[in-house]
Amino acid sequence: MARLLNQIVKENDIKNIAPEDYRELAKEIRVKLVRSISRTGGHLASNLGAVELTMALHLCLDFPADKLVWDVGHQAYVHKLLTGRADVFDTLRRHGGISGFPKVKENPADTFDTGHSSTSISVALGLAKARDLRGGNEKVFAVIGDGALTGGMAFEALNNAAQMQSNIVVVLNDNKMSIARNVGGMSNYLGKIRTNEKYRDLKNNVENALDKIPNVGQPIAKRIKTTKDSLKNFLIPGMLFENMGLIYIGPVDGHNINAMVTAFNTASKIHDQPVLVHVMTKKGKGYRPAEERPDLFHGVTSFNLKTGAPMTDSADTYTDVFGKWLLEKGETEESLVSVCAAMPDGTGVTGFAKKYPERAFDVGIAEEHAVTFAAGLAAGGMRPVISLYSTFLQRAYDQILHDVCLNRQPVIFTVDRSGIVGRDGETHQGIFDISFLSTIPNLTILSPMDGEELKNMLNYAFDEMDSPVAIRYPRGEVFSYAKYKEEKEQSLEHPRESAEKFCHETLAFGKAEILTRDSSQSILILAVGDMVKTALLAREMLLHDGFGATIVNMRFVKPFDEELVRKLAKTYSYLVTMEDNVYSGGFSQRIQAFLEQERIEGKSVIPICLPDTYIEHGSPEELYDKYGMDAVSVAARIKSVLTQK
């Protein structure tokens, strides 16, 4: 029974808990986290490590007046529990339930919607300056992890913070992890930080005393300050932050609530200068499987409480297919190198990195650098494959356009998690990549319909292409067209379908393939990537109702097969375009623009795509159903058009 947690029904209720009960409350919160996330899935290890940290923040701040910005936001589950959402916490990441990230519409204590890293200091600095201009007095805190601190945007904000002469408190949650273990100079630097508060007090006291001596005091104080700052630079690595204009406090034990409350209260009383409080936490604390493998428990599906093992056996995914290809290709191609940004497991490059460590580069949470670094590798004669999630690739748009594509460097982008990703919601759906990549000259975009075609496209990009290529593929279980063909070819006979049905052609640049052909020449479906599977399933339903459909696997999104589209569009009455992307700037809109350009008139185009909005959290099945993009909805929409005719 969560005796203490049940007393927290709204923000600030933690202040009614007696200090001697803080440890028990932390225990109740961890039990709630583990039990709930074992059913819903979510980000476990980071939240377990931030329990006492979040409690200390809530003891120091008054919500919603004071502002707390979470970097990334996946570690804000405890914050949700402490703002009265414990009773709905079991709906976490479920469609219609609470989000796994901060959401202002859920609760005003969620200061800012976040989901990507390295942004919190910039947001907090803006909030603080707005406060100053308004004459407000609210506290502004930003929480950022040591992994997120490797992102360039975080340093841009730190560089700007002192110039603003405004108080914000940056809480550095240092757990030595981002998703994978942190890499690079900043990780090494933070690992060495030690501080001595008595030294700080002594230096300040000496300087203040000398300042009061007429004529000679200030010059002496200035010289001592220079000498002691030089000594401190040598002895205390925390001076990096102080040299940037921030006051540094720490390291502080991230599981000692009283120590953190003292540090936070002290930091918030400094009115004209930013303060960085360095807090040391243990990722996964309180649940042994998560403590032992925090990387595996960063983001989890449902799991067994006792063992930590996943509840369901995982089938091969597109990420697995890519990972196996990378290993196989790496054996014969010494020029192949792998680049990722802090997600080697998630993008499938871990196996390659273990076997060929000298050719595998994890640059940390720094997508912009990753892309330009890959451009440099390519310019130096290597063949880089850079692996990023679709939602994070958009962070490096300028680098793709300017550094890779303008220079025509043969970089291969493997764009994982394209389309609807699911329960992480608006900030993580990969539904914009066709739109923003299609605007870039010199870039070829491919989208495979199944696992075998993904391998073929990877080989084609590496062996045949000497310019940039992006290959986008979805999250989840891999589809096999060959198995589908074997199972369905005999069972779906239809009198109007010719013998060409289920044909399959060799990959050729810019060429699509016709998978099934309907002799009625009524419905033409142009499908991209994972939507080919949906088109085939919709066709089954149409056949049962007496209708047929010609299905084209587009393969190349850019350039698409203009010759084939032109030829077929003149023949068919209805064109259905299918993509797991928003309409604006997407494949469907480009097809409609092409028909207008070619003056192919009198054709009805039915775009099956996502609306121009941010898509909420929920399972992919629920979301595709909601937005009319599952097979049942697609078949019903086509049938409705045909029957109205």
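The dialogue below goes through some features of a predicted model.

Colleague: What should I know before reading this model?

Modeller: It is a predicted model, in which local features need pLDDT of at least 70 and side-chain atom pairs count only at pLDDT 80 or more, while totals for chains, interfaces and linings use all residues. Residues are numbered from 1 along each chain as its sequence is written, and side-chain values use heavy atoms, with hydrogens and water left out.

Colleague: How many helices and strands does the protein chain have?

Modeller: Helices (H or I, at least four residues) and strands (E, at least two) are DSSP runs, numbered from the N terminus. The protein chain has 26 helices and 17 strands.

Colleague: What percentage of the residues count as buried?

Modeller: Buried means under 20% relative accessible area, exposed means over 50%, and partly exposed lies in between, with a 1.4 Å probe and protein chains only. Of the 645 residues here, 57% count as buried.

Colleague: Which residues touch the most other members in the largest nonpolar core?

Modeller: A nonpolar core is a set of buried Ala, Val, Leu, Ile, Met, Phe, Trp, Tyr and Cys residues joined through side-chain atoms within 4.5 Å. The largest one has 61 residues, and Ile471, Ile525 and Met578 touch the most other members. A second, separate core has 57 residues, including Leu4 and Val261.

Colleague: In which order do the strands of the open sheet of 7 strands lie?

Modeller: Strands of a sheet pair through backbone hydrogen bonds, either parallel or antiparallel. Two strands count as paired if DSSP finds at least two bridges between them. The order in this open sheet is β7-β6-β8-β9-β11-β10-β15, with mixed pairing. Its edge strands are β7 (360-362) and β15, each of which pairs on one side only. Within the sheet, β10 (residues 444-446) and β11 (residues 469-474) pair in the parallel sense over 3 bridges; threonine 444 has valine 469 in β11 as its bridge partner.

Colleague: Which helix packs on the sheet?

Modeller: Contact means heavy atoms within 4.5 Å. Axes are lines fitted to C-alpha atoms, for helices over the stretch in contact, and angles run from 0 to 180 degrees between N-to-C directions. Helix α20 (residues 451-464) packs on the sheet, and its direction makes about 170° with that of β11. The strands it touches include β6 (336-340) and β8 (383-389).

Colleague: Why is strand β5 largely enclosed by the rest of the structure?

Modeller: Strand β5 (residues 275-280) is largely enclosed because 5 of its 6 residues are buried. Strand β3 (residues 169-174) runs parallel to β5, joined by 6 bridges, and valine 171 stands opposite valine 277. Strand β4 (residues 247-253) also pairs with β5 in the parallel sense, over 5 bridges; here the partner of isoleucine 249 is valine 277. From β4 the chain crosses through helix α11 (residues 257-268) to β5, and this β-α-β crossover is right-handed. Right-handed means that, with the strands pointing away from the viewer, the path from the first strand over the helix to the second runs clockwise.

Colleague: Is arginine 417 buried or exposed?

Modeller: Arginine 417 is buried, with a relative accessible area of 14%. Its phi is near 60°, a positive value in a residue other than glycine. Arginine 599 has phi near 55° and counts as exposed at 70% relative accessibility.
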